[in-house]
2 protein chains.
Amino acid sequence: MISTQTMNTFKTIVGEENVITSSAGRLVYSYDATPNFQSMPDAVIAPRNTEEVSQIVTVCREQKIPIVPRGSGTNLAAGTVPSEGGIVLLFKHMNHILEIDEENLTVTVQPGVVTLDMIKAVEQKGLFYPPDPSSMKISTIGGNINENSGGLRGLKYGVTRDYVMALQAVLPNGDIIRTGGKLAKDVAGYDLTRLLVGSEGTLAIITEATLKLIPMPETKQTMLALYNSMDAAAKSVSEIIAAKIIPATLEFLDRPTLIAVEDFAQIGLPTDVEAVLLIEQDGPPEIVARDMEKMAEICTREQAVSVQIAATEAEALALTTARRAALSALARLKPTTILEDATVPRSEIVNMVKAINEIAEKHNVRIATFGHAGDGNLHPTCPTDARDHDEMERVEAAFADIFSKAIELGGTITGEHGVGMMKAPYLEWKMGPEGIAIMKAIKHSFDPDNIMNPGKMFAKETRKRVVVTQ
Amino acid sequence: MISTQTMNTFKTIVGEENVITSSAGRLVYSYDATPNFQSMPDAVIAPRNTEEVSQIVTVCREQKIPIVPRGSGTNLAAGTVPSEGGIVLLFKHMNHILEIDEENLTVTVQPGVVTLDMIKAVEQKGLFYPPDPSSMKISTIGGNINENSGGLRGLKYGVTRDYVMALQAVLPNGDIIRTGGKLAKDVAGYDLTRLLVGSEGTLAIITEATLKLIPMPETKQTMLALYNSMDAAAKSVSEIIAAKIIPATLEFLDRPTLIAVEDFAQIGLPTDVEAVLLIEQDGPPEIVARDMEKMAEICTREQAVSVQIAATEAEALALTTARRAALSALARLKPTTILEDATVPRSEIVNMVKAINEIAEKHNVRIATFGHAGDGNLHPTCPTDARDHDEMERVEAAFADIFSKAIELGGTITGEHGVGMMKAPYLEWKMGPEGIAIMKAIKHSFDPDNIMNPGKMFAKETRKRVVVTQ
């Protein structure tokens, strides 16, 4: 509980209209996009500038009040649930694009800018910001940075981390720091910029970011390849890379996902094949044409039953929309949808997909899988019902097996969603007790009072790992 | 001093032949490539594997013995000088390429592998490792990772950090951790991989690394453009970027550098122009041809007095060799050569070069400047004589002014060389006291006993900053 006096201090800092304390107002921020996690904050505060953030943090530090910075709450790992109460920090006022620097190819933004708004703004200058998380229509850049968001273009272009050049951040002691710069090269001390990227709000509050841009690719083409076996689809992926082609997008959908998507989007996708690859290449027209032709050849040689290059932009858009609709489509099947993002080296995709299907069968749960075949980032998705406790236990057991298998194959428990509360019990499986110990030491060095998004990343108890045998 | 008993423990761990204690043997490791810094280690130890590194570290921790991990000592910031004695750790036995994974496009190496050896090995598979520090013929990958080395291809391809996917490292408490994986996406906890990259051996000892590779560009072309003014050269750089071309290399040399290089290499470079741009583009032949033509047009339009595209590979090699010879050429002029790497946003290069020349005049020192125009990473270089104390004081004052000016222009004190001992007194100018405080907290969280490369990165005293006025 926050005292009336402290609440008044907050109101003095940000203005009364920017402190929400009503039950209805707080309820809205008691959950994020993750099913089954909810907890009420004591207040919701919307600072107007970095100085106000610093003042709020200083008060919270003195009073040991938890702070949960929040973008649009599209988080899928319960990373923005105020699990220990305290305040939720909103960035609705700090939502400006401060500068697009065409000479240095950078954009400087406040954390509350919506990702797609920024992408559109830089595209108007012929510039390109590649990270494209599926939530980009509503997610904020601040959220993307805190989660190190990925997207469909990870293989060729990398993830959010690869585009953050400089940050302004408020530390848990109220200090305001600036890291990096508009500099392709900067080795002045530890890489605080990239330590903060993906730190899930547990180390500092990001109040400004300068992001790297690249020239907009001149053109883009889209292709769909259908397969009667997952093996053939995966072999195509390997052969494309072996041919030294790095496509902009290399996505795959399994049959259950395909059926759900077609049912939802009605765009004439076939539902009688086992796997689909959605492939995009961008760049200069002659190179795109050459790569598309080669990739079509490879897919055909590797037993694709159909290979179709989109003839028009509208057709291409329909295909990519189909992929982007996968989660929404699967979410219609049952009241609760659990979407995971176990990730493996690209060479292990077939093994991982097979294991996922076997694990689903073993635990008697339904799992559809789609994801980024190019970078091994899979999204096994379980349509279920949170009210069915027996099924939920089986779902959880299945995902534990999936995480274990991913690690066994050289992978990780989360490729782009983050650890949050949901995967905290599994982090030790990936990092070992030594890795957890040093991460906790880093956390303590920033935030000795544990006020910054407490309860995330580090679990009170690590789950016991049962090695998967099939 | 290390006790005989402890020295015997080291000998038991690594074998007697891998512990050097003779004066002559230790002398070799008392300095690195940085002028004017020297300090004797108590012993030089060459472990054979990670387990031995862990055992050595455990002994050092118990006895509070400083450890300085060292590659080939090509460091230019006194980062590998054993300034507080203790042991120098050599990786001459841990110098194997463990795996080239053509399916996942990775190479896994031990830290002692020579950079160029690894580059050649992956090139044989048609793969490409872009970071190309000037020292790559003798530098090691371990050194590159600890320093986050850059090179000539930073603008288009990034630096070492952008290619490190996974590490094995020994922490100061002897724990062995693994970070990352063969994964384009991994957000399981804090980004320890990138925190260790560029940490200059002050946090952990890297014992294995998995690096990202990309397909080898199909072709490459090289061009030289000569200018009668620095402004015109810089304007060409801006216009090339404005035309949405990102060349693989975009280097510049000023007239003093040019004279020194031609005197050294005798390859027919003109010495009567004020600035030279060395431009390379790589990629598919048709795109390289198109980009080269456009860039030649831009340079000509921007008043280049001569634009010459290398007609043969031998000619191209001569041009790039000229640029790579800059430091060696300048080093012949006087007994001591001080090479710095102040870095500014690309848009500020003209201002920075002008400021460097004014600062040189003000302090009556000779400074030649060359560097990476594409990424704003400049190498103001001062041929001097360490025995001339009066001149050395003026040189130091000039470089302090240069660092200050770089920061004023939104830049940094070091783009690719690192902080080490040499730039430690200036780090606070870039990071502020708040930034230094959090970096020190991170250091303490890893290494509470300060045994890992002590005396580097953090200065006992920060230099007083005098704002440059011209």
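B:Ala289 counts as partly exposed because its relative accessibility is 36%, where buried means under 20% relative accessible area, exposed over 50% and partly exposed in between (1.4 Å probe, protein chains only). The model is predicted: local features need pLDDT of at least 70, side-chain atom pairs count only at pLDDT 80 or more, and totals for chains, interfaces and linings use all residues. Residues are numbered from 1 along each chain as its sequence is written, chains are lettered from A and ligands numbered from 1 in the order in which they are written, and side-chain values use heavy atoms, with hydrogens and water left out.

- B:Ala289 sits in helix H10 (residues 285–301) of chain B; helices (H or I, at least four residues) and strands (E, at least two) are DSSP runs, numbered from the N terminus.

**Sheet in chain A**
- Five strands form an open antiparallel sheet in the order E5-E6-E10-E8-E9; two strands pair if DSSP finds at least two bridges between them.
- Strands E5 (97–101) and E9 (176–180) of chain A are the edges, each pairing on one side only.
- Strand E6 (residues 106–109) pairs with strand E10 (residues 205–212) of chain A over 4 bridges in the antiparallel sense, and A:Val107 stands opposite A:Leu211 in E10(A).

**Annotated region**
- The unreviewed UniProt entry annotates residues 37–216 of chain A as "domain: FAD-binding PCMH-type"; positions are given in the numbering used here, feature names are shortened, and annotations may be inferred rather than shown by experiment.
- Residues 37–216 of chain A are 22% helix and 24% strand, with the end C-alpha atoms 40 Å apart.
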